[in-house]
Amino acid sequence: MARPTPAAFDKKKVVAENRRARFDYFIEDTTEAGIALTGTEVKSLRFGEGSIAEAYAEVKNGEVWLINSNVPEFSHGNRFNHVPKRPRKLLLHEREIARFTGAVERKGMTLVPLSIYFNGRGRAKVELALAKGKNVADKRATIKERDWKRDQARIMRDHK
């Protein structure tokens, strides 16, 4: 019998967030993935440093890699410090990797990291989304809807 999945991920400390991704893409499905890090990368993330603004994920040889994410060098690190923009392996089950591979190859979707966080057990995790890119008209519609909701809230607040 399949184990029920939790409704939301257990995010205790969000380190980096890609807020632009929700504007640039239609988010279809999200998955929590582990991330293979070195010691100084974990320390740097615990200090709240790191960026995934330009990052994306890709499937290579049956493995998922996080590309172009920036984890700056640890300030108290020694000569064994890490490379800030190295590709990092994401830890997923084979079935999830197969699902991502199929969606990317057949449907033309993209794997976008939404956030890096530490869960309740202190493990670094990546919230990975299967997304489809928006065109300019879709982005304009999103802006229009967001502005209308803001105006609607302002009208309701002033009406009281």
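**A buried lysine in a predicted model**

Reading from the N terminus, the order of the elements is β-α-β-α-β-β-β-α-β-β-α.

Let me begin with the chain as a whole. The C-alpha trace spans about 60 × 40 × 35 Å along its principal axes, and 32% of the 160 residues count as buried. If we take the contacts between residues at least 6 apart in sequence, 68% of them join residues at least 24 apart. The accessible surface comes to about 10800 Å², and carbon and sulfur atoms account for 51% of that area. As for charge, the chain carries 33 positive and 21 negative charges, whose mean positions lie 2 Å apart.

I would now like to turn to one residue, Lys-134, which sits in the loop between β7, residues 124-133, and α4, residues 136-159. Which side chain of opposite charge is nearest to Lys-134, and how far away is it? That side chain belongs to Asp-138, at 7.2 Å, and Lys-134, although buried, has no salt bridge; a salt bridge would need a nitrogen-to-oxygen distance within 4 Å.

What the side chain of Lys-134 does have is a polar contact of 2.9 Å with the side chain of Thr-142. Leaving aside residues up to four places away in sequence, Lys-134 touches Thr-142 and Lys-139, and also Arg-22, Phe-23, Asp-24, Tyr-25 and Phe-26.

To close, then, Lys-134 is a buried residue without a salt bridge, and its side chain is joined to that of Thr-142 by a polar contact.

How values were computed:
Residues are numbered from 1 along each chain as its sequence is written. This is a predicted model: local features need pLDDT of at least 70, side-chain atom pairs count only at pLDDT 80 or more; totals for chains, interfaces and linings use all residues. Side-chain values use heavy atoms; hydrogens and water are left out. Helices (H or I, at least four residues) and strands (E, at least two) are DSSP runs, numbered from the N terminus. Buried means under 20% relative accessible area, exposed over 50%, partly exposed in between (1.4 Å probe, protein chains only). Contact means heavy atoms within 4.5 Å. Accessible areas come from the Shrake-Rupley method with a 1.4 Å probe; for residues, only the protein chains shown count as cover. Lys and Arg count as positive and Asp and Glu as negative; His and the chain ends are not counted. The place of a charge is taken as NZ of Lys, CZ of Arg, CG of Asp or CD of Glu. A polar contact is a pair of N or O atoms within 3.5 Å; within protein, one must be able to donate a hydrogen and the other to accept it, and residues adjacent in sequence count only if both atoms are side-chain atoms.
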